[in-house]
Amino acid sequence: MSHPIVDIHTHVYPQSYMDMLRSRKTVPYVHDPASGAASRLIILSSDDSESIPLDQRGRPVDSSYSDINVKLAFMRRHGITTSVVSLANPWLDFVEPNEAQIWAEKINDDLEATCARVNDAADPEGVRALHEKQTLFAFGALPLSAPSADIVAKEIARLKTLPHLRGVIMGTSGLGKGLDDPGLDPIWAALQDTDSLLFLHPHYGLPDEAFGGPEATDRYGHVLPLALGFPLETTIAVTRMLLAGVFDRFPRLKILLAHSGGTLPFLAGRIESCIAHERKFTANGGDTQGPRTDHPFFPPLDGKEEEPWLSVTTNYKAINTTLADDTDSIKDVLGGNAVRILDLK
Ligand code: URA
Ligand code: ZN
């Protein structure tokens, strides 16, 4: 049997969710142009600018967003054997508090039924090779706008009883105050205790002004919010969790970060460094383990400024251990590249 190829980042909007979006007139909503042209999905705040004719706002939305058979065809086309499908953004973040639980149960039961139907589909002629069988699993949606975090925790526990659910998908707003909110603790506890994977996914990006406002949106469309706003949003959310000690309080929390971890892989060292040098953070009892960089902003906090700075020795150590015996590369990273690129001779 050939090896499985699994897509863990693949979304669906069940029909009931699409119908709900069609009944709305504010973001998020679906608009059907009177001309009969393709429906429009208006979900990002930048999509809904008054300067854009309604029929052109957002993006066209077709059956690939909601029809599971189109998903299965997409999987076959790309050799994907297994997909873990999830509701797409903005999930149930905007749902009225008293309807959140009902919607979460409806969406999650629908996902379970779809997975069961596909996975148990008969192969009457028995011609389908094992590796051709397509398998679906799902990440559940959470009723985050519900009146209490316990309702969310209850849904996390219920998801464990649905055979095809493999965790949850969630955005970065949490209960409305971001992911460093202590009010989320019952949810982190429920995820940890049930060993449920949390797929953390962006939606809100950065304020439109960060990208040049409506004019830039007109010119560049979704490039800036999706390419930069989304990964930065994820990075900020996880960093706030780190600063708030969530990973210390819930060390067995399992998180899948969308889009290769946002910009976290690149910024991890910088984040550690800023933490280690932030007096306010230390004064507030924050945990400051980690390397340091960036003269003169990051002096040693123990006053030993005449001794080698961690900001420098950390970099030497990283370069020497990463490149080991490759002395030419070490020389390049330590200075040769800068001399060449900046013409420093
Ligand atoms: N990918 C997503 O998952 N959501 C968007 O809104 C855009 C790209
Ligand atoms: Zn996505």
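## Helices, sheets and a zinc site in a predicted model

Helix H4 (residues 149-159) and helix H5 (residues 185-193) pack with their axes 8 Å apart, at an angle of about 10°. Because angles under 35 degrees count as roughly parallel, H4 is roughly parallel to H5. The structure described here is a predicted model. From H4, the contact is made by Ala149, Asp150, Val152, Ala153 and Ile156, while H5 contributes Pro186, Ile187, Ala190 and Leu191. Of the residues in this contact of H4 with H5, 8 are nonpolar, 1 is charged and none is polar. In general, two packed helices are described by the angle between their axes and the distance between the axes.

### The two sheets

The strands of a sheet pair through backbone hydrogen bonds, either parallel or antiparallel.

Leucine 200 stands opposite leucine 257 in S9.

Strand S3 (residues 40-42) pairs with S4 in the antiparallel sense over 2 bridges. Arginine 40 stands opposite proline 60 in S4.

### The zinc site

Which residues coordinate the zinc ion (ligand 2)? The coordinating residues are His9 (NE2), His11 (NE2) and His201 (NE2), at 2.0 to 2.1 Å. Along the chain, the donors follow the spacing H-x1-H-x189-H. Histidine 11 lies in strand S1 (residues 6-12), whereas histidine 201 lies in the loop between strand S8 (197-200) and helix H6 (213-220), so the pair ties together parts that are 190 residues apart in sequence.

Why is the arrangement around the zinc ion (ligand 2) irregular? The 4 donor atoms subtend angles of 91 to 158°, which makes the arrangement irregular. For four donors to count as tetrahedral, all angles must lie between 85 and 135 degrees. For comparison, the ideal angle at a metal with four tetrahedral donors is 109.5 degrees.

### Backbone features in the loops

| Residue or bond | Backbone feature | Value |
|---|---|---|
| Valine 27 to proline 28 | cis peptide bond | omega about 0° |
| Asparagine 89 to proline 90 | cis peptide bond | omega near 0° |
| Tryptophan 91 | positive phi | phi near 50° |

Proline 28 has its place in the loop between helix H1 (15-22) and S2. Proline 90 lies in the loop between S5 and H3. Tryptophan 91 also lies in the loop between S5 and H3, and its positive phi occurs in a residue other than glycine.

Technical notes: Residues numbered from 1 in each chain as written. Chains lettered and ligands numbered in written order. Predicted model: local features only at pLDDT ≥ 70, side-chain atom pairs only at ≥ 80, totals over all residues. Heavy atoms only, no water. Axes fitted to C-alpha atoms, helices over the stretch in contact; angles between N-to-C directions. Helix = DSSP H or I, 4+ residues; strand = E, 2+ residues; numbered from the N terminus. Parallel < 35°, antiparallel > 145°, perpendicular 65-115°, else oblique. Contact = heavy atoms within 4.5 Å. Nonpolar A, V, L, I, M, F, W, Y, C, P; charged D, E, K, R; others polar. Pairing = 2+ DSSP bridges. Donors = N, O, S within 2.8 Å, 3.2 Å for Na, K, Ca; no water. Tetrahedral: all angles 85-135°; square planar, octahedral: opposite > 155°, others 65-115°.
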